[in-house]
Amino acid sequence: MSTQAVTVEYNDRIVRQFMLASIFWGIIGMAAGVLVASQLSWFQMNFETSWLSFGRLRPLHTNAAIFAFVGNMMFAGIYYSTQRLCKCRVASDTLSNIHFWGWQLIIVAAAITLPLGFTQGKEYAELIWPIDIAVAGIWLVFAANFFWTLGIRREPSLYVAIWFYIATIVTITMLYVVNNLAWPTNLFHSYSIYGGVQDALVQWWYGHNAVAFFLTTPILGIMYYFIPKAAGRPVYSYRLSVIHFWSLVFIYIWAGPHHLLNTALPGWLQALGMIFSLMLWAPSWGGMLNGLLTLRGAWDRLRTDPVVKFLAAGVTFYGMATFEGPLMSIKAVNSLSHYTDWTIGHVHGGTLGWNGFMAAGMFYWLAGRLWKSRHTTDDDPKYAGMSCQGLWSPALANMHFWVGLVGILLYVAAMWVGGIGSGIMYNATKDGGTLLAYPNFVEVLNSGLVKYAYIFRTIGGFLYLAGFGMLAVNIIMTVRKGIAVNGTIEVPTEDHSTQGRFSSFLNAPVLYCVSLILTACLWLLGEGFVMLVGMFGVILTTLMAIIHFEVSGAKWSVWYDKLIEHSFGFTVLTILAAAIGGAVQIIPTIVVQRAQNLEGRIQIEYTPLELAGRDIYVSEGCYNCHSQMIRTMVPDVMRYGGEHGYSRLGESIYDHPFQWGSKRTGPDLAREGGPIVDGYQYMRIGLRDNIWHYRHFLNPRDLETGSNMPMYPWLAQQKYSKSELPIKINAMRKLGVPYPLDYGETEIYHQVHIQSQEIATDIFFRELKDANPDWTDEQAMARAAELAPDLQDKKIVALIAYVQKLGAYRMKDEPAQTPGLNPPTDLAAEHGMGDDA
């Protein structure tokens, strides 16, 4: 009896939309990257404009590269390959359209809000809370459409690419939601519900795994689909792909703490992060070799086929990046690499080489298939030995490859030289280790090693952008000379979509795996009786699985083949494999009492004015260049810690979000204000006085020759929002900062007035004394008091108040002091600026 067939027409329109959007946003993101790179070499490129300053544009660049460029490329690849691997049209065209237009609106919202200074201040998670909700909503639309498509598929088994797509969807959902939980204070501002070490751990659990599950796993799925297509060869090893997938999903999630090595993070978490990072070498290189060896028998096409060139080079860069990452997670190596440009080179080697080249290879392969040429045929000699049939210009694609490759190598080499060189200089000592060889931070920044590295980095980035511009021209011309077409396939009418229901759970592989994971968690995390139950559960489950396996005569491959026929059961196991690592690391840190994690010191709460200044610090993106974490290393302590040593956990316990930083283009600020010795005072004078900070914000070169810090003239012109401070203080109180319950608007506004008046008067007093050395102190103070009201409500005063507070702590056994309720300082009293002023 013959089986009837039905013609399925794929929805390739959504693929074309995401592909063109990726190219458009890729150019925007890369152009922003070239601009911010040039700003580090030539401060004039900040244009003395708030929305063009480095601190605001750098998050725009990273978000555009990750979510706009790679995000759209990823969606294009997933929609194209999933339909063909499932032998069915995507489940809902409506959901696909909502996904596409919703994602583009999110990108536009980010492109508007980030340059305006609306940010959460967390790397790769800067978007404000309303946009976060939109991201979560659109991501769920994508997930619903994807899993619905799996449910109606006509192919019974899930191909390896689908596994990586499933891992991406479920893990990013978990990561994004947990990391972005926040307490809103208005439509554009919120505070992370986590503070200090908790926020640091959650942020880098997210930050590291955003790289893993947004920039890596979906692209691996694309690799497993498009490399065999381009090479005309099957995947080299199916067994290796199984090992690659499960080991990567399980191990990757544990490695986040390697971003916090040598900091105040508890030692067991640092060790855990380092060990699992080193373990990543095996699955990562297993995947790389599986991709490259798929090209066996097709290596000759590297000479002629631009698609194979890009895909092979992309997988090679993946191997390089995943070798370098674990290497940099070794604690001794990390002491050199962290906070330097070596990390920047590592990240861009992966992003430009792996993500960028895989995107280019995929786009060139898709172009002629999504837009059929009116003038060429598949057997056109122009495309002999190539997989990019229909592409407007294979020669231009080849040129793109070489220009882009030179750009990447120049960029990465510059960052290696500059980063490793500066790291050695910052850690160098002399006179038997008693003195720093380069005590001035700017001295290293101005060294030829770093200065020329930044220039070559900019040139490399520009070359890469130029190459991508060639891709844009090539694709546009292909579109103009072609006709948009949708792929079709003839499939039998048998329905494979009913498989799986309850059998997703009631088959042996799923049941044994779930039982083993749950009992292992009880054994590892439990105590007493619970631990014993977990231990015996692991032993019993293992024995039962072995006996069942032997008695039934089954093969592991047969069991696994059954598993991948059930998408729901497979998804549940993927969630468990990914979630266990995060739970083990984060839950103990969150539930344990804060007092156990203070190391003897407790941060003194910010006054309302200082809190306003901290929000300005975050808004201006100062965390992109400055850390607030003195590491447990002798050079760090000598440079920044002094007699107070390295930073302790309790010193940042009330920081929502934390500000430990990941890159030092400027010095660490953890002790900038100087620790408080004699109790809290309204106006604190730290390592530098108020007038120094005032002049430094207006023009850093006046005080530090060779500084590449932007100028901030608008801070002396724009006012901070005083009316929002009671709401923000209440939010911080809800998050555990011990402000008194009777700390009302009257007290808040009064303290803001007193503290801002003191700082503004002090600034004008010193300015007037410098300009008029013959004036008496009384004359200068009287005139300063007259001028102070014009400055005291400006952002620069609040920011100075915040910077002067950095490093303020009390010992754990000392009584808590309510900020701002003490008598005014001696200086304030001397200048007649007490409560009655």
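This is a predicted model: local features need pLDDT of at least 70, side-chain atom pairs count only at pLDDT 80 or more; totals for chains, interfaces and linings use all residues.
This is a short talk on the overall build of one protein model and a few of its residues.

First, the ground rules. Residues are numbered from 1 along each chain as its sequence is written, and side-chain values use heavy atoms, with hydrogens and water left out.

Let's start with the whole chain. The protein has 28 helices and 10 strands. Those are DSSP runs, numbered from the N terminus: H or I of at least four residues for helices, E of at least two for strands. The C-alpha trace spans about 105 × 70 × 55 Å along its principal axes.

Now the inside. Of the 837 residues, 61% count as buried. Buried means under 20% relative accessible area, exposed over 50%, and partly exposed in between, with a 1.4 Å probe and protein chains only. Take the contacts with a separation of 6 or more: residues 24 or more positions apart account for 82% of them. Contact means heavy atoms within 4.5 Å.

On to the cores. A nonpolar core is a set of buried Ala, Val, Leu, Ile, Met, Phe, Trp, Tyr and Cys residues joined through side-chain atoms within 4.5 Å. The largest has 154 residues, and Met19 and Trp103 have the most contacts inside it. Helix α2, residues 54-86, gives the most to this core, with 14 residues. A second, separate core has 53 residues, including Tyr606, Tyr617, Cys622 and Ile796. In soluble globular proteins, nonpolar side chains tend to be buried together.

Stay with Met19 for a moment. Which residues does Met19 contact, leaving aside neighbours within four places in sequence? They are Ala76, Phe363, Leu366, Ala367, Leu370, Trp371 and Ile475.

Next, Ile580. Ile580 sits in helix α20, residues 567-591. Buried or exposed, then, is Ile580? Ile580 is buried, at a relative accessible area of 12%. Beyond residues up to four places away in sequence, Ile580 touches Phe250, Trp254, Ile517 and Cys521.

Now some backbone details. Most residues other than glycine have a negative phi, and most peptide bonds are trans. Tyr124 is not a glycine, yet has a positive phi of about 65°. Tyr124 is in the loop between α3 (93-113) and α4 (129-151), and is buried at 13%. Tyr339 has a positive phi too, of about 70°. Tyr339 is in the loop between α12 (331-337) and α13 (341-370), and counts as buried at 3% relative accessibility. A cis peptide bond joins His656 and Pro657, with omega about 0°. Pro657 is in the loop between α22 (634-641) and α23 (690-698).

Last stop, Tyr720. Tyr720 lies in the loop between α23 and α24 (725-734), and is buried at 11%. How far apart in space are Tyr720 and Ala798? They are 7.6 Å apart, C-alpha to C-alpha, and 78 residues apart in sequence. Tyr720 touches Ala798, and its other contacts include Leu609, Ile616 and Val752.
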